[in-house]
Amino acid sequence: MRTTVGIIGAGPAGLLLARLLHNAGIDAVVLESRDRSYVERRQRAGILEQGTVDVLRAAGAGERMDREGLRHDGIELRFDRRRHRVDFPGLTGGRSVTVYAQTEVCKDLIALQLQGGGPLLFEAEALAVEDADTDAPRIRFRHEGREDVLECAYVVGCDGFWGVARKAVPAGLAHVFERTYPFGWLGILADVPPSHDELVYARHDRGFALLSMRSPAVSRLYLQVPDGTDAGTWSDEEIWDELERRFETDDDWRLERGPITQKSVTPMRSYVHEPMRHGRLFLAGDAAHIVPPTGAKGLNLAVGDVVTFARALTHRQETGSPELLDAYSATCLRRVWQAERFSYDMTALLHTAPGATAFEGRLQLARLDRIASSRAAETDLAEAYTGFPFG
Ligand code: FAD
Ligand code: DHB
């Protein structure tokens, strides 16, 4: 098999890239190791930056998002039993975010791809990227029990943190920057209307909590738990009790409970692989970088990467100039590091590390108080949360 762009992975990065290339008249093949229903059901991100929404709409993938997505003009910070709302449009010149789940973004992009896009092979596992530093890179993969080779002009590794693409960069040329955290998030889905109409990020001595949503009828909530926690060890009642404690306020706000339909634990990690390109292999999304989820940046970063790649390749095809492809890694990494910084800061601001001292707790409260009382500090948060420009 032969194509111009071989894409490994059908998460948001690979699927959107396939769509952008299709729209630009560039052929591509997507290889995905899992089956369709697994990809469409994997519960992950929920918040789309304004720039991500604009890109999906311009790519022709925004119809259902525009109908069902929930526009949010702010978030609430909760600390010391207080509530503070951050007003995004007022602080950023009109920007907002949209609640529309990653599962739905993937479903929409898969449907478009299968209707009229290029090949998208499920249960096709990439085994290795070969000859990345030549003009004819190849992906060796296994599909329907047979090994095959996809000959490409370019390979884009959109295969997430555990994928194979990154391994094709020789160790001597790669620099990895990494941090792990001694806690994770226990996430639940519950059949109950969200108890607040915007997201609530809560700092509490017992640990962080987040109230989010998937629709007007389905709540998504997260609790900070120790690293390595097994979700099964928390009963539904214990989860609701703990959420209630961490969201407590001095007013009459109440957390509504409902049946929990899913629970799982996500570890937290910061990770950047530099450079994001080796020869004709380009890394995009979680394959190149991970952020802790506190700032809701992961999916949005993946979108930024593939927009940058699609633009650069289109420029190459139209003008013959490789300048944008050559700048790919540096262009992406600037935005990546801003998101790394923001996600790290939000994590440090809101989580209680094991062994944290009372002094550190007071510093967190002072930082939150500063955001609540200084327009400059609040604007900094609002600008980062609603998103940094692509490219
Ligand atoms: P992935 O979604 O990981 O997709 C990679 C794909 O490659 C997968 O389908 C995988 O099966 C496939 N694959 C792997 N190896 C191979 C192989 N060898 N061959 C073929 N295919 C392969 N981000 C946000 O922006 N906002 C949020 O609100 C947010 N919340 C989050 C909450 C949680 C609990 C978690 C876990 C993450 C959250 N994120 C959020 C992060 C976001 O989900 C990820 O950053 C995003 O999924 C990255 O997309 P991707 O396409 O790069 O990688
Ligand atoms: C969600 C996840 C996040 O990481 C976040 O910061 C906000 C919302 C969510 O899954 O809804």
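A: In S16, Leu223 is the bridge partner of Ala209. Strands (E, at least two residues) and helices (H or I, at least four residues) are DSSP runs, numbered from the N terminus. The model is a predicted one, in which local features need pLDDT of at least 70, side-chain atom pairs count only at pLDDT 80 or more, and totals for chains, interfaces and linings use all residues. Residues are numbered from 1 along each chain as its sequence is written, while chains are lettered from A and ligands numbered from 1 in the order in which they are written.

The pair Ala209 and Leu223 belongs to an antiparallel pairing of strand S15 (residues 209-215) with strand S16 (residues 218-226), over six bridges; two strands pair if DSSP finds at least two bridges between them. S15 and S16 are part of an open sheet of eight strands with mixed pairing, in the order S6-S5-S14-S15-S16-S13-S17-S20. Because strand S6 (82-87) and strand S20 (289-290) stand at the edges with a single partner strand each, one side of each is left without a neighbour in the sheet. Helix H10 (residues 328-350) packs on this sheet and touches strand S13 (175-190), strand S14 (199-203), strand S17 (260-274) and S20. Contact here requires C-beta atoms, placed from the backbone, to lie within 7 Å. The direction of H10 makes about 130° with that of S17; axes are lines fitted to C-alpha atoms, for helices over the stretch in contact, and angles run from 0 to 180 degrees between N-to-C directions.

An open sheet of three strands has antiparallel pairing and the order S3-S7-S4. Its edge strands, S3 (47-49) and S4 (70-72), each pair on one side only. The twist averages 30° from one strand to the next. S3 pairs with strand S7 (residues 97-99) over three bridges, and Ile47 stands opposite Val99 in S7. Helix H3 (residues 50-58) packs on the sheet, where it touches S3 and S7, and its direction makes about 85° with that of S3.

Ile47 is also one of the residues surrounding ligand 2, as are Leu199, Leu210 and Arg220; such a residue has its C-beta atom, placed from the backbone, within 6 Å of the ligand. The shell around ligand 2 draws at least three residues from each of domain 1 (5-72 + 98-178 + 269-346) and domain 2 (180-268 + 352-386), with bounds from an automatic or database domain assignment. The C-alpha centres of domain 1 and domain 2 lie 29 Å apart, and their contact takes 12 residues from domain 1 and 17 residues from domain 2.

Methods: Two residues are in contact if their C-beta atoms, placed from the backbone, lie within 7 Å.
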